[in-house]
Amino acid sequence: MGRIAVAVIVISWVIPISILVNRIVPEPYMDEIFHVPQAQQYCKGNFRSWDPMITTPPGLYFLSLAYIASLFPGMHFLQELSSFSDICSTLVLRTTNALLAVISSILVYEIITHLRPSLDDKKATLCAVILSLYPLHWFFTFLYYTDVASLTAVLAMYLLVLKRKYLFSSLFGVLSVLIRQTNIIWMLFVACVGVLEFIKIHQIDNVGVDDSRVSERKGAQSAHSEGVSSASNLRKRRFSTNMDSPNNFISQTAVSSTPYPSGLLGEIQGILLKSWHLKWELLASFSPFFMVFVAFVAFVCWNGSIVLGAKDAHAVSPHFAQLMYYSLVSALFTFPVHFTLSQVAFRLRSFRENRLLTLFQWFIALNAAFLSVQFFSIAHPYLIADNRHYPFYLWRKIIRYHWSTKYLLVPLYTYSWFSIFSGLAKSQQKVWTLAYFLATAATLIPAPLIEFRYYTIPFFFLILHSHINNNKSWLLMGTLYLVVNCFTMFMFLFRPFFWDHEAGTQRFIW
């Protein structure tokens, strides 16, 4: 088992399904009609060409060029191709994501084993394989979209921060932003996590130094005690006074103290104080992330927008309802953790133990959710006009089924967030959870269009840090993912339909 097993298992479904998809849908579909021709222009060396309808940077195309360059010598030797640009077919470009899907599964395995070193290898393999089946990630493995490459770059950046290789991590941060510009938020989040880990490691080192000093002092005092065993009681009293001196008390306290004070404000205060003491070390380690952020801000100022093309259709909008949709979608994709009798019973016990506080929290959360769906729910023209996407049907058949439906879903949204926070609280600091929520909000709220694939990166961070220990939960999640993947791929391949107003075959897609 291990990373090789994960790669082999993922390859076992990537290859046959890629062949099937390319046989039935050989031509570019949906957003591929923009990405594939643009990548082919780059294959021809025409780097000044740019389709104004493309909103994301050209990072995916550069990755494809590197991948194709590795294939070209062999195919040229076999006389399959006469020029480099001939290899840039839709099929080959799609295999870029197929390869990246395998790499991302290995990265997930490495992150799991790093975060939970005591975890059994077989279970880590199982978790990595099931996460590779996550429907929003799995489906776009077989198309030439930016999602798989974006996730892979972010996971690589995160793994390198966990391994304390900050410079290399920042370079993958650059790559992730070149693939999708909203990844600047996840780069900042990863840097914040890196700072938290950096501080924690230095605190452990300091505690270790204090512990060794205490041991040395005790050893010296023990030797001294043996040498003066025949001394007077006065000498013994002096020795006892030395043992209770303020310096010893401070050392013992340092050994037994927790890394941060309890409570969110206490954690923030402790982190700020420790960051000030380590300011030069932090500056040296994390300055590359800061330089990437400054360069990104300069680009946005120069470009006049965060997106490259189609700026009118992707204008930044206060879409707070996105957070509500994300919480419910994520909770449903981890339903054995959030929607079980034991979880509901736990929430009820928590309510009984802290009735006043829980009522206050629910009151605030319900009001915030209500205001979000009432005043900050956006019906983007693409959403209500394009019946090829599943959100189109969810919007019409559920959210807009009746005027009251969107309000009836508010308690579900709220419960989902409380359940998510409760799961994270079992294994993460409060500051980590706050940083995660803010990063998710900063990524999703400005997006006016409901696209479930935007939820992929926050979902992976969520599930990697939820520490789900129950094998049954993982197997149920894996079963759900398999069922959803079979359904969506069947609908995509074998249930095409046609529009009266536009030529060509239309297919259902996320």
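Colleague: Leaving aside its neighbours within four places in sequence, which residues is Ile 457 in contact with?

Modeller: In this predicted model, Ile 457 is in contact with Ser 150, Leu 151, Val 154, Asn 183 and Trp 186. Ile 457 itself sits in helix α23, residues 456–464.

Colleague: What makes Ile 457 count as buried?

Modeller: Buried means under 20% relative accessible area. Ile 457 has 8% relative accessibility, so Ile 457 counts as buried.

Colleague: How far is the C-alpha atom of Ile 457 from that of Thr 440?

Modeller: The two C-alpha atoms are separated by 8.9 Å, and the residues are 17 apart along the chain.

Colleague: Why does Phe 498 count as exposed?

Modeller: The cut-off for exposed is over 50%. Phe 498 has 59% relative accessibility and therefore counts as exposed. Phe 498 lies in strand β1, residues 497–498. Not counting residues up to four places away in sequence, Phe 498 touches Gly 504 and Thr 505.

Colleague: Why are α1 and α24 called roughly parallel?

Modeller: Helix α1 (residues 3–24) and helix α24 (residues 471–494) pack at an angle of about 25°, and their axes are 10 Å apart. Angles under 35 degrees count as roughly parallel, so α1 and α24 are roughly parallel to each other. On the α1 side, the contact is made by Ile 17, Leu 20, Val 21 and Ile 24; on the α24 side, by Met 489, Phe 492, Leu 493 and Phe 494.

Colleague: How many residues of each class does that contact of α1 with α24 have?

Modeller: The contact has 8 nonpolar residues, with no polar and no charged ones.

Colleague: How does the reach of α13 compare with the span expected at 1.5 Å a residue?

Modeller: Helix α13 covers residues 279–303, 25 residues in total. From first C-alpha to last, α13 reaches 33 Å, close to the expected 36 Å.

Colleague: Where does α13 bend?

Modeller: The bend is at Phe 286 and is about 55°; a proline, Pro 288, follows within four residues. Phe 286 and Pro 288 are among the buried residues of α13, which also include Leu 282, Ser 285 and Phe 289. Just after α13, Gly 304 takes a positive phi of about 85°.

Colleague: What is in the chain as a whole?

Modeller: The chain has 24 helices and 2 strands. Of its 510 residues, 48% are buried. Among contacts with a separation of 6 or more, 77% come from residues 24 or more positions apart.

Methods: Residues numbered from 1 in each chain as written. Predicted model: local features only at pLDDT ≥ 70, side-chain atom pairs only at ≥ 80, totals over all residues. Heavy atoms only, no water. Axes fitted to C-alpha atoms, helices over the stretch in contact; angles between N-to-C directions. Parallel < 35°, antiparallel > 145°, perpendicular 65-115°, else oblique. Contact = heavy atoms within 4.5 Å. Nonpolar A, V, L, I, M, F, W, Y, C, P; charged D, E, K, R; others polar. Expected span 1.5 Å × (residues − 1). Bend = angle between axes of the 7 residues up to and from the residue. Buried < 20%, exposed > 50% of the residue type's maximum accessible area, 1.4 Å probe, protein only.
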